[in-house]
Amino acid sequence: MTEQTRSTQRDIIEALAVSPNIDADHEIERRVGFLADYLRDGGLKALVLGISGGVDSTIGGRLCQLAVERVRDNGGDARFYAVRLPHGEQHDADDARTALDFIQPDELLDVNIEAPTSGMQQALENSNLSFDDAEQEDFILGNVKARQRMVVQYAIASRHSGLVVGTDQAAEAVMGFFTKFGDGAADVTPLFGLTKGQVRALGEKLGAPDALVNKQPTADLESLKPQRPDEEVFGVSYDEIDTFLEGGEVSDHARETIIDAYEATAHKRALPAAPA
């Protein structure tokens with residue numbers, strides 16, 4: 001590895017605030033405290049998060065529930081609204097139900113986004129927007145799904161004077177693996193700075209079901225490739241991404257793939273550009 005590459009790796013680690021070693025108990029306390037304080041200081045009364053059945057939303061959801069309970073224990077008024085957001089029939093709906101049983105949210109809403117997504121698709125077709133092929137259309141509509149889910153969450157948050165919670169963590173952030181203004185849109189991101197393995201470590205400490213903690217991650221946005229593993233999209237494994245983010249050595253292929261993805265998706269992690 002060249003010194004320039006090492007420097008780039010260090011810069012990425014610093015930008016994403018990753019620590020190679022964490023204490024799970026400390027991180028749970030720090031992140032629950034952050035959410036509770038942010039609610040209290042802002043005079044807000046709710047946290048809202050979509051629960052998919054993956055490890056990130058499971059752990060994020062449990063942190064949210066613990067945070068609102070802390071606010072209430074200290075005389076405040078706050079509730080956690082967990083939201084199911086399937087598109088038609090969810091392939092791993094059982095996992096979402098298992099996650100909710102673990103999280104024990106104050107409130108649960110179930111909003112199926114298939115109809116509004118189909119309506120948007122039809123409106124685009126009526127406007128004469130065309131796609132190069134079925135795969136391109138499927139990919140673009142996958143991003144529409146992600147943005148429809150965020151529309152729902154912000155409507156709920158607005159109704160209850162609350163905040164939308166994002167589940168972005170360092171492994172997805174470095175790869176730019178989120179939809180801009182979709183799942184990348186949120187008011188607070190309590191998993192920020194954690195690698196995928198560290199999120200799992202928090203899950204184990206919190207007592208989350210092992211099947212969810214170690215579940216193969218999938219964004220599941222593409223209808224033509226349901227439940228497609230994230231790692232298949234990346235071209236590298238989460239273990240390799242975590243090792244890179246923790247300052248370790250990875251293969252040339254993994255290092256180049258990660259750095260290229262980080263640089264190509266810089267716009268996703270930035271505020272809207274404007275002239276100087």
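This is a predicted model: local features need pLDDT of at least 70, side-chain atom pairs count only at pLDDT 80 or more; totals for chains, interfaces and linings use all residues.

Trainee: What is the phi of S161, about?

Mentor: Most residues other than glycine have a negative phi. S161 is not a glycine, although its phi is positive. The value is about 55°.

Trainee: Does F181 count as buried or exposed?

Mentor: F181 has its place in the loop between α7 and α8 (196-206), and its phi is positive too, near 65°. Its relative accessibility is 57%. The cut-off for that class is over 50%, so F181 counts as exposed.

Trainee: Let's turn to the annotations. At which residues does UniProt place the feature "binding site" together with D56 in the entry that also names E172?

Mentor: The feature comes from an unreviewed UniProt entry, and it is placed at D56 and E172. They span 117 residues in sequence, yet no two of their C-alpha atoms are more than 10.5 Å apart, so they gather at one spot.

Trainee: Is D56 buried or exposed?

Mentor: D56 is found in helix α3, residues 55-73. Its relative accessible area is 7%. Buried means under 20%, so D56 is buried.

Trainee: Which residues does E172 touch, not counting residues up to four places away in sequence?

Mentor: E172 sits in helix α7, residues 170-175, and counts as buried at 10% relative accessibility. D56 has E172 among its own contacts, along with T167, Q169, L191, K196 and V199. Seen from E172, the residues touched are D56, F177, F178, K196, D230 and Y238.

Trainee: UniProt has another "binding site" annotation, one that covers G50 and G53. Where does G53 lie?

Mentor: That annotation, again from an unreviewed entry, has I51, S52, K196 and T218 among its other residues. G53 is buried, with a relative accessible area of 0%, and its contacts beyond four places in sequence include D95, L212 and K215. G53 lies in the loop between β1 and α3.

Trainee: And in which strand is G50 found?

Mentor: G50 is buried, with a relative accessible area of 16%. Beyond its neighbours within four places in sequence, G50 is in contact with S57, V83, L85 and Q153. The strand is β1, residues 46-50.

Trainee: What about β2 and β3: through which helix does the chain cross between them?

Mentor: Strand β2 (residues 79-84) and strand β3 (residues 107-110) pair in the parallel sense over four bridges. Y81 stands opposite E107 in β3. The β-α-β crossover is right-handed, and the chain passes through helix α4 (residues 93-103).

Trainee: One last stop: by how many Å are the C-alpha atoms of V236 and K215 separated?

Mentor: V236 is found in the loop between α10 (230-234) and α11 (238-245), and counts as buried at 4% relative accessibility. Among its contacts beyond four places in sequence are M175, H253 and I258. V236 and K215 are 21 residues apart along the chain, and their C-alpha atoms are separated by 17 Å.

Note on methods
Residues are numbered from 1 along each chain as its sequence is written. Side-chain values use heavy atoms; hydrogens and water are left out. UniProt positions are given in the numbering used here, feature names are shortened, and annotations may be inferred rather than shown by experiment. Helices (H or I, at least four residues) and strands (E, at least two) are DSSP runs, numbered from the N terminus. Buried means under 20% relative accessible area, exposed over 50%, partly exposed in between (1.4 Å probe, protein chains only). Contact means heavy atoms within 4.5 Å. Two strands pair if DSSP finds at least two bridges between them. A crossover is right-handed if, with the strands pointing away from the viewer, the path from the first strand over the helix to the second runs clockwise.
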